[in-house]
Structures are given as structure tokens and as C-alpha cells.
Amino acid sequence: MSNVTALRSSVRPSPIFLLVLGIFVLSGFAVWRYGTDVGHSARFLLFIFVVAGWIVSLCLHEFGHAFFAYRSGDRSVAGKGYLTLNPLKYTDVALSFVLPVLFLLLGGIGLPGGAVYIDRGAIRGRVRHSLISAAGPLANLVFAIVLGVVLSNLATSLDHALFWSGLAFLAFLQVTAAVLNLLPVPGLDGFGIVEPYLPRHWVAQANRVGGYAFIGLLALLWIPAVNRWFFSVIYHLTDLFGINTDLTTVGHALFQFWQSVNFG
């Protein structure tokens, strides 16, 4: 069996992923039908739509790592089920899905996940190692660009404002996840990109403090000045991608269906 044939046989979206994808599509259709209604039922469906879309993007993020790892020589990712996009197959569901969804609920932050374990010893070449680390956040960026193109070309009226605002907020989450994950902080993909080129004793030290560095980064985001600077960068990027800031703000507010909103 050729490598291409083996890869094709391993890349089979799982029923669980297809279920989540189906919920995303069906809830999006339902939100579309609500038009401009911002009642409780409509906002709850918007919440389901965004969360399901966010989980789909997390699956794509982890799949990106696994796909490039497989192409680079690590065949173990196929046996672990990483190429099926099944969220339950990832080694640490809490890190890749529960924690990101929790941060989404608490602060509207697209927290990057991280639970695909790669057999780095099976991979040769520093460039390949960097590409594997970069593949996850690149999946988020591609998702954001696709949504930005859709929003720029199709969200031309407010007849379906509820749907477009939810889609804009989902695109915004992709950008935050990509930017956070590309930071060269131990424990994040950004550090994985530069790690092959660093002295080994630096890497060993970074691995020892990786968890604390990640927690420190999250703590910094709760500091008002840092938070404002970070989101100013995010909004600059979303503008470049054609993601309307006003729609994003409305989408975030409506997403939190448990809170009242006043756009007057």
C-alpha cells in the first residue's frame, strides 16, 4: 500500500465529528431563519451554533498537527485516531476541548487547545518539526479567512443579522486562537515552531516551566491594559480578514444568552 493510499484510508471523519458538524450546520440554518429576532430562543440557538462551530475548528486544529506529523514520518497518529477528527480520540480532552470551551464562555477568548502527542523521534528535519507545530494555528487562520470572505461578500444586509453576527464572532475566535497559539511561549505552538532551532539546554529549561508560562500568559490577559492591547491587535487582524467589528461585538453579546442585552 502506497503512503498516499494509507493516508486516505486513515483520514476518515468519525461519526462523532460528523455529528458535531451536523449540529453546527443545522443550528446555523435555524439561526438564519430567525432573521433579526434576538429573543431568548434565538440567542440560545446562536450559542449552540457558535459552540459547535468552535468545536469543529478545534478538531481541525488538532487534525492539522496530526496530518503534517503523518506526512513527516509519524505513523502512530493514525493508530491513535488523530486523523479521524474524533475529539474523544485526543489524548487530553480537557486541554483540547473542555478548557477552550470554558474560556469561550467566560471571556469570549479563543483559547488554543493542545493534546495531539507526536512521536518527534520519528520525524527528521527541523523544518518538518516547525511545520507540524504551525499546522494547528494555520488551520484556525484558514478557517478565519474563509469566514471573512463569506462575511465580506454575503453579509450585505441586516435581514439575517443574528446569523451574520454569530458567524463574525466565530471568525473572531479563530483569530484569537491563532494569535495566542503563535506566541513563542513554552507549551504553545509558537514555541514549537522555534524550538528546533534553540539550544537544547534552553529547551529543557523551557519544558520545565512550560505549564507555568502558559498559566502566566492567561493571567496577563485578565490585566485590563494587556487585555486592551491584545484585543486591539485582534481587531486589526479581523479588519484585514473582512470580519466586521460591529458584527463581532453584537455576536459576542448575543452569544451570552444568559445575560440581557441593550443595543439602544
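Q: Let's start with a single residue. Where is Thr248 found?
A: Thr248 is in helix α11, which covers residues 245–255. Helices here are DSSP runs of H or I with at least four residues, strands are runs of E with at least two, and both are numbered from the N terminus.

Q: Before we go on, what kind of model is this?
A: This is a predicted model, where local features need pLDDT of at least 70 and side-chain atom pairs count only at pLDDT 80 or more, while totals for chains, interfaces and linings use all residues. Residues are numbered from 1 along each chain as its sequence is written, and side-chain values use heavy atoms, with hydrogens and water left out.

Q: Thanks. Is Thr248 buried or exposed?
A: Thr248 counts as buried because its relative accessibility is 2%. Buried means under 20% relative accessible area, exposed means over 50%, and partly exposed is in between, using a 1.4 Å probe and protein chains only.

Q: And what does Thr248 contact?
A: Leaving out neighbours within four places in sequence, Thr248 contacts Ala168, Phe169, Phe172, Tyr235 and Ile243. A contact means heavy atoms within 4.5 Å.

Q: Zooming out, how many helices and strands does the protein chain have?
A: The protein chain has 11 helices and zero strands. Of its 264 residues, 46% count as buried.

Q: Which residues touch the most other members of the largest nonpolar core?
A: Those are Phe49 and Trp54, in a core of 48 residues. A nonpolar core is a set of buried Ala, Val, Leu, Ile, Met, Phe, Trp, Tyr and Cys residues joined through side-chain atoms within 4.5 Å.

Q: Which elements give two or more residues to this core?
A: They are α2 (15–34), α3, α5 (93–107), α6 (126–154), α7 (161–182), α9 (200–221), α10 (224–240) and α11. The most comes from α7, with 14 residues.

Q: What does Phe49 touch?
A: Not counting residues up to four places away in sequence, Phe49 touches Phe24, Ser27, Gly28, Val31, Phe163, Gly166 and Leu167.

Q: What about a second core?
A: There is a second, separate core of 17 residues, with Ala66, Tyr70, Leu85 and Val116 among them.

Q: I see Glu62 in α3. Is Glu62 buried or exposed?
A: Glu62 is buried, with a relative accessible area of 1%. The C-alpha atoms of Glu62 and Leu85 are 7.7 Å apart, although the two are 23 residues apart along the chain.

Q: How do α3 and α7 cross?
A: Their axes come within 10 Å and cross at roughly 35°. Axes are lines fitted to C-alpha atoms, for helices over the stretch in contact, and angles run from 0 to 180 degrees between N-to-C directions. The residues of this contact divide into 12 nonpolar, six polar and no charged. Here Ala, Val, Leu, Ile, Met, Phe, Trp, Tyr, Cys and Pro count as nonpolar, Asp, Glu, Lys and Arg as charged, and the others, Gly among them, as polar.

Q: And how do α3 and α6 pack?
A: They pack at an angle of about 145°, with axes 7 Å apart. Among the residues making the contact are Gly53 and Ser57 of α3 and Ile132 and Ser133 of α6. The contact of α3 with α6 has eight nonpolar, eight polar and no charged residues.

Q: Last one: how does Val209 count?
A: Val209 lies in helix α9 and counts as partly exposed, at 34% relative accessibility. Val209 and Pro186 are 23 residues apart in sequence and 7.4 Å apart in space, C-alpha to C-alpha.
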